[in-house]
Amino acid sequence: KEFHYSTKDIQSPLGIAPMNTPDDQIVISTILRAGLPFHQGFLRYLDNAENAFVSAYRKYKDRLNFDIHIEYIASPRLTGKTLIISDPMLATGSSMELAYEALLTKGVPDHVHVASIISSKQALEYLQKKMPDDKTTIWIAALDNDLDDHSYIVPGLGDAGDLAFGEKE
């Protein structure tokens with residue numbers, strides 16, 4: 001509903017069908033590694049989109065305290081495009097904010113869509129304050145109220161990267 005569309009004739013195996021296709025120049029970005037399966041899902045529907053990747057991880061100072069670190073970014077120019085930043089879990093919102101800021105080094109998109117499966121109430125409120133209202137849409141499927149002492153969403157799903165790819169050391 002948020003994109004601009006036009007009707008184009010698409011060749012199918014048996015004929016030509018008029019289809020509504022997005023006119024926006026879409027870039028799908030993900031936060032590695034947890035976001036990779038979610039990113040792939042977007043690509044199945046927006047197969048002409050460009051791709052961007054940001055690595056963000058928690059670097060623990062001690063058992064409960066951490067900083068978010070960005071070590072890698074690969075992105076096309078974003079100026080004038082529609083950016084979708086996909087990350088399945090928004091716990092504190094800090095990783096999303098830092099990924100967004102890192103992506104802005106590649107240009108300023110016309111509009112940003114933050115896409116997540118589960119968000120904590122805290123992360124949603126945090127991102128609503130940190131990202132520009134008039135150029136940001138936040139899509140979430142579920143809103144959980146709590147974070148535990150480790151800043152994990154409760155009840156949440158656990159570590160999305162570990163669920164998709166196995167535990168890491």
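Predicted model: local features only at pLDDT ≥ 70, side-chain atom pairs only at ≥ 80, totals over all residues.
Let's start with the helices. Two packed helices are described by the angle between their axes and the distance between the axes. Our pair is H2, residues 94-103, and H3, residues 121-130. Their axes come within 9 Å. They cross at roughly 25 degrees. Angles under 35 degrees count as roughly parallel, so H2 is roughly parallel to H3. The handedness of this crossing is right-handed.

Which residues make the contact? From H2, look at Ser94, Met96 and Glu97. From H3, look at Tyr126, Leu127 and Lys130. By type, the contact of H2 with H3 has three nonpolar residues, one polar and two charged.

Now the pocket. Rolling a probe the size of a water molecule over the atoms shows where empty space is left. I'll take the second largest pocket, with a volume of about 350 Å³. How many residues line the second largest pocket? The count is 14. Nearest its centre lie Pro22, Leu46, Asp47, Asn48 and Ala49. Two elements each give two or more residues to this lining: strand S1, residues 5-12, and strand S2, residues 15-22.

And what is the lining made of? Seven of its residues are nonpolar, three are polar and four are charged.

To recap: H2 and H3 cross in a right-handed way, and the second largest pocket draws two or more lining residues from each of S1 and S2. Thanks, everyone.

How values were computed. Residues numbered from 1 in each chain as written. Heavy atoms only, no water. 1 Å grid on protein atoms, 1.4 Å probe; cavity = no way out; pocket = protein on both sides within 12 Å on 5 of 7 lines; lining within 4 Å. Points joined across faces, edges and corners; volume = space filled by probe spheres on them. Helix = DSSP H or I, 4+ residues; strand = E, 2+ residues; numbered from the N terminus. Nonpolar A, V, L, I, M, F, W, Y, C, P; charged D, E, K, R; others polar. Axes fitted to C-alpha atoms, helices over the stretch in contact; angles between N-to-C directions. Parallel < 35°, antiparallel > 145°, perpendicular 65-115°, else oblique. Left-handed = near helix turned anticlockwise from the far one by under 90°. Contact = heavy atoms within 4.5 Å.
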